[in-house]
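I opened the notebook to record what I looked up in this structure, one entry at a time.

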Amino acid sequence: MNDKDTYRMHTKVIQIGDRKIGGGNPIAIQSMTNTKTEDVKATVEQILRLERAGCEIIRCTVPTLEAAAAIREIKKQIHIPLVADIHFDYRMALAAIENGADKIRINPGNIGNPERVKAVVDAAKERNIPIRVGVNSGSLEKPLVEKYGGVNAEGIVESALDKVHMIEDLGYDNLVISIKSSDVLMCVKAHELLAGRTVYPLHVGITESGTVNSGNIKSAIGLSLILSQGIGDTIRVSLTGDPVEEIKSAKLILRTLGLRKGGIEVVSCPTCGRTQINLIDLATKVEKMVEDYPLDIKVAVMGCVVNGPGEAKEADLGVAGGIGEGLLIKHGEIVKKLPEDQLLPALKEELDHWS
């Protein structure tokens, strides 16, 4: 596929609350709360933190009727669409829809008999809210495992399409598809296979990828391989940890692939024996400092006089370290030389007045 003919440009447009996905709309960043949904205060506080970080769609688990009822109050206090995550009990889906969920996530295979699936589809149809059909490799049906001699990409895709056709046969096509695996290459292959067989938007992620460290690496590899082929309309970086970290990682992945603009990109050198300032501490503080600036620029934090000035000049703003001091460089020009302890305040001063 070339840039003008990617899968995501031709997927069906789906409305989730006030946000549109598919059909070439910007790839939306999603996360999931890890609070008890029944605890409205804690859940709202976490969602607001995620909003500030850049989350655009939030998913909450709905394992009880109390959690379903909480959706109504949670939605009053947040500003992004809310997806209700349902497993096993179709009544939770009906209650979540009744309480205003903007979308529901189900696996029709574990909801129950066809009558229960129909009840959920009818309720969603009545309010015209989308259904995300989610299939994970870990829950692949036994007949498909036997058919393919184990869990593989072909089986995941067949399972997902079976569920989609089940809902289509009930007269509903307001759908999003999600197929996930913790096996990165299996997940990539499954998306490649699925993209040629459906027009529905795809929610992309590497499930159960791990902690912030290992999960980021697996997610960056998997998501990049999928997204760079023009596949994917919403993404989640699934991490074991603070979900705010998922948003930071998702934004960086999209920016790195050229799929999103905005936000400051920080580049820094790996340090070596030539480094004469505490560059690791400085780079860490700069990366933290720039998170809340709505600027689309590059900031360089370099450690020595060998490559530092040249690299910093290629950025919009930067510093290059010397012996206990450094150069402040802006638009390729050296602005001034400063003691090491004044480099961070100088960068902040420039960002505060950037134009």
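**Entries on the sheet, the helices and the cores**

I began with helix α12 (residues 343-352), which lies across β12, β13, β14 and β15 and runs at about 170 degrees to β13. I note here that the model is a predicted one.

I then asked in what order the strands of the open sheet come. The sheet has 5 strands in the order β11-β12-β13-β14-β15, and the pairing is mixed. The edge strands are β11 (265-268) and β15 (333-339), each of which pairs on one side only. From one strand to the next, the twist averages 20 degrees.

I looked up the link between β14 (residues 325-330) and β15, and found that 6 bridges join these strands, which run antiparallel. Glu333 in β15 is the bridge partner of Lys330. Helix α10 (residues 279-289) also packs on the sheet, where it touches β11, β12 (298-302) and β13 (317-321), and its direction makes about 165 degrees with that of β12.

Next I turned to helix α3 (residues 90-98) and helix α4 (residues 114-127), whose axes come within 9 Å and cross at roughly 10 degrees. The two helices α3 and α4 are therefore roughly parallel to each other. Where they meet, α3 contributes residues including Ala93 and Ile97, and α4 contributes residues including Val120 and Ala123. By class, this contact of α3 with α4 has 8 nonpolar, no polar and 3 charged residues.

Last, I looked at the largest nonpolar core, which has 73 residues, and in which Ile86, Ile104 and Ile131 touch the most other members. Apart from it lies another core, of 22 residues, with Leu279 and Met289 among them.

Definitions and conventions. Residues are numbered from 1 along each chain as its sequence is written. This is a predicted model: local features need pLDDT of at least 70, side-chain atom pairs count only at pLDDT 80 or more; totals for chains, interfaces and linings use all residues. Side-chain values use heavy atoms; hydrogens and water are left out. A nonpolar core is a set of buried Ala, Val, Leu, Ile, Met, Phe, Trp, Tyr and Cys residues joined through side-chain atoms within 4.5 Å. Buried means under 20% relative accessible area, exposed over 50%, partly exposed in between (1.4 Å probe, protein chains only). Axes are lines fitted to C-alpha atoms, for helices over the stretch in contact, and angles run from 0 to 180 degrees between N-to-C directions. Helices (H or I, at least four residues) and strands (E, at least two) are DSSP runs, numbered from the N terminus. Angles under 35 degrees count as roughly parallel, over 145 as roughly antiparallel, 65 to 115 as roughly perpendicular and the rest as oblique. Contact means heavy atoms within 4.5 Å. Ala, Val, Leu, Ile, Met, Phe, Trp, Tyr, Cys and Pro count as nonpolar, Asp, Glu, Lys and Arg as charged, and the others, Gly among them, as polar. Two strands pair if DSSP finds at least two bridges between them.
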